[in-house]
Every structure is written in C-alpha cells, then in structure tokens.
Amino acid sequence: MSGMSKIVKTISGIAFPFITIYGLYIIAHGHLTPGGGFQGGAIVASGCAMILVSYGSIWTMNRVREKNLSILESLGAVCFILLALLGLGFGTVFFNNFLVGTNSLFGVVPAVGSGLANINTGGVIPLMNFAVGLKVIVGLFGIVLVMAYASRTKEGKK
Amino acid sequence: MNVADLIALLLQHSPALIVAVPLLGAFITPLISRLNDKVRNVFVILTLGLTASLVFLLASDVFTGNIHTYIFGSQDLALPVVRILFEVDAMSAFMAIISVILSLVAVIYSWSFMKENTGLDKYYTLILLMTAGMLGMELTGDLFNFFVFLEITSISSAALVAFWTNKAKSVEAGFKYIVISTIGALFILFSIALFYGQYNALNMAMIASAIQYTFLDKIALVLLIAALAMKAGVVPMHMWLPDAYGKAPSSVTLILVGATQASLYGVFRVCFTIYGGAINLTPISVGWILVILGIITMLLGVAMAIIQTDFKRLIAFGAVAEIGYILLGIGTGLVVMLNPEMTATGLAAMKGGIFHIMNDALDVGLLFLVAGAIYYATKETSLNKLGGLARNMKYTTVFFIIGLLAISGMPPMNGFASKLLIYESTYQLNPILSIIAILSSIMLLAVFVKVFHAAFLGPALPKFENVKEVPKSMLIAMGTIATIIIIFGLFPELIINNIVEPAANALVNYGDYIREVIPSFAGGV
C-alpha cells in the first residue's frame, strides 16, 4: 500500500497527537470514567492505523519493526500477570489489590460520596490498565501493519 | 520459613498458580526465543514441569477428600458466590492431571518434531495458552469463567490446528474448528444468560443450589450439552474432529485430545453438579440420551475408521469411537444415579467411564505420536504408500503395538481395565449396550491390525530404504506414554482406588461440591 496525497498526510500528522493523547487519557482514567486499557488502546491503535493508511505500509514498515511490536505486546501481558502475582507476594492472594490503602502510588482511598475524581486511587487497577493498554496498542497496530504489508505484496504480484 | 510451610503455602495458592504459571510462561516465551531456540524449549518444558508438579501437589491433597476453593483478589470469604472462584474437587483434579501430562509430553515431542518449522515462538506461546485454558476450564467454579477459558482454549487451538499454513487442508481444518467452537461458545453464553436471568448467579454451586428445573433451565441444559458435545466431537457433531485431528501437527493433536476431554468434563459437570438432583425429574432421562449418543458415536466412529486410508484421519475416527465409551459409562451412571438398587452398578459404570477418559487420552495420544513419527521419518501419511517400516523403526513399531493393544481393550493394557468395567456395568443396565460396546472394540482391533500390517509389515520398500528411527525427544515422549499405559494396565486397582474412585464419588455426591460454597445446602446426599 503506497502513501496518499500530501493533504491527507499533513492532516493526519496534525490529528495524530490529539488522537494519541485522547487514547492515553482514556487509559489513564480507566478506573474513574468509562473506558480503560482496552478502549483507550484501541483509540491509540486507530490513530497509528491512520498514519499507516496515509503514509503507506512501506514507509511505516521501514520505521516500525513488527518484531519489536510483538516484544512490547508480550511485555504488556507479562506486566499484567506479574502485577497479579505481586498481589500474592505482597498481599494475600492472587490478584489481590495490594496497593490500596497504602497512600503510595495510586493507593489513596477516597472519601465515600466524593464527586471529585481523584486519579491517585484504585491501587493496581490503573497499573493493570496501563499493561492492557500497552498490549492492545501494539497488538492491534501490529495486526493492521502486518495485514497492510501482506496486501501490498499481493498487489505487487498482480 | 521451612519446607513444610512453603508446601502448605503452595498448596493453598496452587489453584491460581496452576493457571498463572503457564499464562506467564506463554508471554515470556516470545521474549526468551529472541535469545536462543534451545533456551526457549527448555524454558517451556520447565514451565509445564512446574505446572505439572503444582497439579500433582494439589491433586494429592484433593484425592484424600478435601475440596479446595480459591477466591481471586481477596482472602475474605464473605460472599464467595459473587467473586471469581476456583473450586477443585477430585474430578477437576483428575482432569487437570490428564491435561498437564498431555501438554508436557507434547512439548517434549515438539523439540525434534517441530524443529524445522519457523514461527516456533508463536507455536510454544499458543501451546502454553491452550494449556492454561484447559486447566482453567477444569478448575473453575464459575460458569462465566468456564466460558472465558473455553474461548482461550478454542482460539489458541484453532491457530495451532492451522499451524502448517502452507498446507491448504490445515487452514481449512483450522477454519472449521474455529467456526464450530464459536457456535458452541455462543450456545454456552446464551445458556449462561438464561441462568443469570433466573438465579442472579454465575457461580456453579450457587446455580446448582437454586435450580428449579424450569422450562428455561431445560433449554439451557439442551444448549449446554449440545455445545459441549459438539466441542467433544460426539456423533452427529463430529465433522470437524477428523479434519482437525488429522491435519494438525501430531504434537498439537495430542493436546487437542486433552481439549476435547475438557469439554467432555464440562458435560459431566453440568449434568451431575449443576443439574444434580433435578436431572432425573425429566420425562426423558438425560442419562439415556448420553448412553444413546455414546452408542452412536462408538459405532459410527469405528465404521468410518474402517474405510480411511489416511493414517491420522483413521486414528481420529478411532478417537471418536473412544469418546463413545466414555459417554456410555458415565451416561449409565447418570441413568441409575437416583436408583438405590443399582448404586453399585452406577458407580462401577462411572468408574469405568472416568478411568476411560484417562486411558483414551493416553492410547489415542500414543497412536497420534506414532503417526507423527512416521510422518517425520517418511513425510507420508497415506496407508497405501507406506509399508515395511518395522525394519527401520524398531522402537516406533513397539510403541504402535502397545497403542494398538491399549485402544482395542486387550489385556494387559490400560484400555482393558476401563472397558471391562464399562462392559460389566452396562450389561446390568441392558445387555445390548455391552454387546455393541464389545463389538466396537473388536472392530477397533481389526482396524488397527490392518494399519499395523499396512505401515509396518510387508516387504521393504525401496523409497523407504534410508528411513531412520526418529530422534530421541520423540522417543522419550512416546516412551513416557507407553510406560504409563503399561503401568496402568498392570496395576489398574491402584489407579481406580486412589484416583478414579474419588473422582467418581465427587460427581455422584454433588452436594459436597455445593456445600463447600453454600454451607446451608441440604440436598445431594
């Protein structure tokens, strides 16, 4: 798949940071607002897919290696399970939310009924959202990238 | 902390760790395979070895009569029914042992068998994911969790069936498998919704204690049995099974046998535990339906096996027939479950059926591994083109003879012990059933003797002159299963008394399973 016109490239270049920031916001606020790791990750990955469409798969493939994406994807999954295992190590059981109530990272317990969302809450849930978000971003982007690259070789044969 | 404390701690957390260890290993595998292929293979074997030791540790405690529960995220025992709950009784532990043995053997076998393939990091990741899925299906105490693990198993096994993507037939088989699995999974999801709508619960014990056997429950029962029987390859829903078993790499087929049996475990868990006392309130006995399905499966599997010319497809139909024996045994147990006069018969049939789950996995698994070894050595699966291989492949020939005797229920192999129990007990229910079962066994023997003659005996063929015995890792894998088969065959009483009987009792005394979560439950004695 080759790139599109210069207008499309410029506009998608402008839109890309906004889409990414919005997706990361959805991931980071996963424990407070609707959404989370998967939803935010899908938004960021769709931004990456937009760049892929406008600049073409060859251009993208030269800059992003599919193997590196799969390493990041594995890391996301490993982080998720390690967090669950840390619940066993530091807390009591597997998947235990050991950070809640420690007042450290994401460890604050908000007062009941407070309407003001405090992002520093939720314990391991935000961290797990980050891990899922990483996995979904690189996973979805990797799938789209490989499919675009494979369809390119098919066109070349014709 | 001394060793005893550590073991007690491991035992307490083992239900979670049994699923967590292969899952963690699955995602570390792609990272490790960047380093070195051998390191990766060792890592995968060690991961499954650790899982296996955890399963054995848990099973050794469960078989003494304890039921283990594990609540994720909290040690607080209040409201266990709304939490993610693992509940392990003897039946779960029995199935987990089968799954983990099959996976471990398959990975050892893969070392040489899959050596020349690319993309092995994905292969091993999928195998570990599939193992985690199967173990999760068997250990979970939550119906929705069961569905999730079923999906994990289906998706990873469909990808593994189609692993040899350069062969069109493999891709077709994988596609067939994913379609069937998805339809089955949607049936299960729908029946879970029916339960949730009526009883506001997803926990198996909670549903079992509240079940009323309403019209909706009947629909849910039909959907659950149909979907899980479809995934287990019961005739008339077996059309995907010969394709998937026949076209997947042999090491994958071995684990697929475990995956089908995990689905079969689902059938038994649904019939015995969830519907428990309500199951015999029906005008048409569910037990008889299982028995009839078993008989049809047996006869059709054997009849189709006779006419096959492809080695692996033939064994696949043999595997279909073996599933029939399991259904026959456990269905008989279900028919007489609430009949006090026939308790001994029912228990014997259950023991035979449950013992046969393990024997089927081992026998069919060994035969598939032998078929894989022959494919590895000759690149040929058609029986018309094979011949005279006993000259070059001595060990493989011996393993095939062991598998042949075991699958057709000849003494002194393990198949004899379980099939004898099934024949004896079904004879008391209805003599025709056991006559059909014996007839199928004889036909299985005839089929596999034919295969033995076609592949191993006969004159030496010039094109197979340079065929060598397969590498050590494949021999070790086949040898391990063959050894277990012979040990089980020589000391069946040991296995039946220590492993099979607790599992049969766990299914029959379903009240214990429910009382572990809901202490006030009174039925199911």
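In this predicted model, the axes of helix H15 (residues 414-429) and helix H16 (residues 431-456) of chain B come within 6 Å and cross at roughly 150°. Because angles over 145 degrees count as roughly antiparallel, H15(B) is roughly antiparallel to H16(B). On the H15(B) side the residues that meet H16(B) are Lys419(B), Ile422(B), Tyr423(B), Thr426(B), Tyr427(B) and Leu429(B). Their counterparts in H16(B) are Pro431(B), Leu433(B), Ser434(B), Ala437(B), Ile438(B) and Ser441(B).

The table sets out two contacts by residue class.

| Contact | Nonpolar | Polar | Charged |
|---|---|---|---|
| H15(B) with H16(B) | eight residues | three residues | one residue |
| Side of chain A that touches chain B | 10 residues | five residues | no residues |

The contact between the chains takes 15 residues from chain A and 14 residues from chain B.

Helix H8 of chain B covers residues 215-232, 18 residues in all. From first C-alpha to last, H8(B) reaches 26 Å, close to the 26 Å expected at 1.5 Å a residue. Its buried residues include Asp217(B), Leu221(B), Leu224(B), Ile225(B) and Lys231(B). The buried residues of H8(B) pack against helices H6 (168-199), H10 (250-274), H11 (286-307) and H12 (311-335) of chain B. After H8(B) comes Gly233(B), with a positive phi near 75°.

The largest nonpolar core has 242 residues, of which Leu366(B) and Met478(B) touch the most other members. Helix H13 (residues 343-378) of chain B gives the most to this core, with 20 residues. Beyond its neighbours within four places in sequence, Met478(B) is in contact with Leu366(B), Leu369(B), Val370(B), Ala373(B) and Phe399(B).

Note on methods: Residues are numbered from 1 along each chain as its sequence is written. Chains are lettered from A and ligands numbered from 1 in the order in which they are written. This is a predicted model: local features need pLDDT of at least 70, side-chain atom pairs count only at pLDDT 80 or more; totals for chains, interfaces and linings use all residues. Helices (H or I, at least four residues) and strands (E, at least two) are DSSP runs, numbered from the N terminus. The expected span of a helix is 1.5 Å times one less than its number of residues. A residue is buried if 20 or more other C-beta atoms lie within 10 Å of its own, exposed if 12 or fewer, and partly exposed in between; C-beta atoms are placed from the backbone. Two residues are in contact if their C-beta atoms, placed from the backbone, lie within 7 Å. A nonpolar core is a set of buried Ala, Val, Leu, Ile, Met, Phe, Trp, Tyr and Cys residues joined through C-beta atoms within 7 Å. Ala, Val, Leu, Ile, Met, Phe, Trp, Tyr, Cys and Pro count as nonpolar, Asp, Glu, Lys and Arg as charged, and the others, Gly among them, as polar. Axes are lines fitted to C-alpha atoms, for helices over the stretch in contact, and angles run from 0 to 180 degrees between N-to-C directions. Angles under 35 degrees count as roughly parallel, over 145 as roughly antiparallel, 65 to 115 as roughly perpendicular and the rest as oblique.
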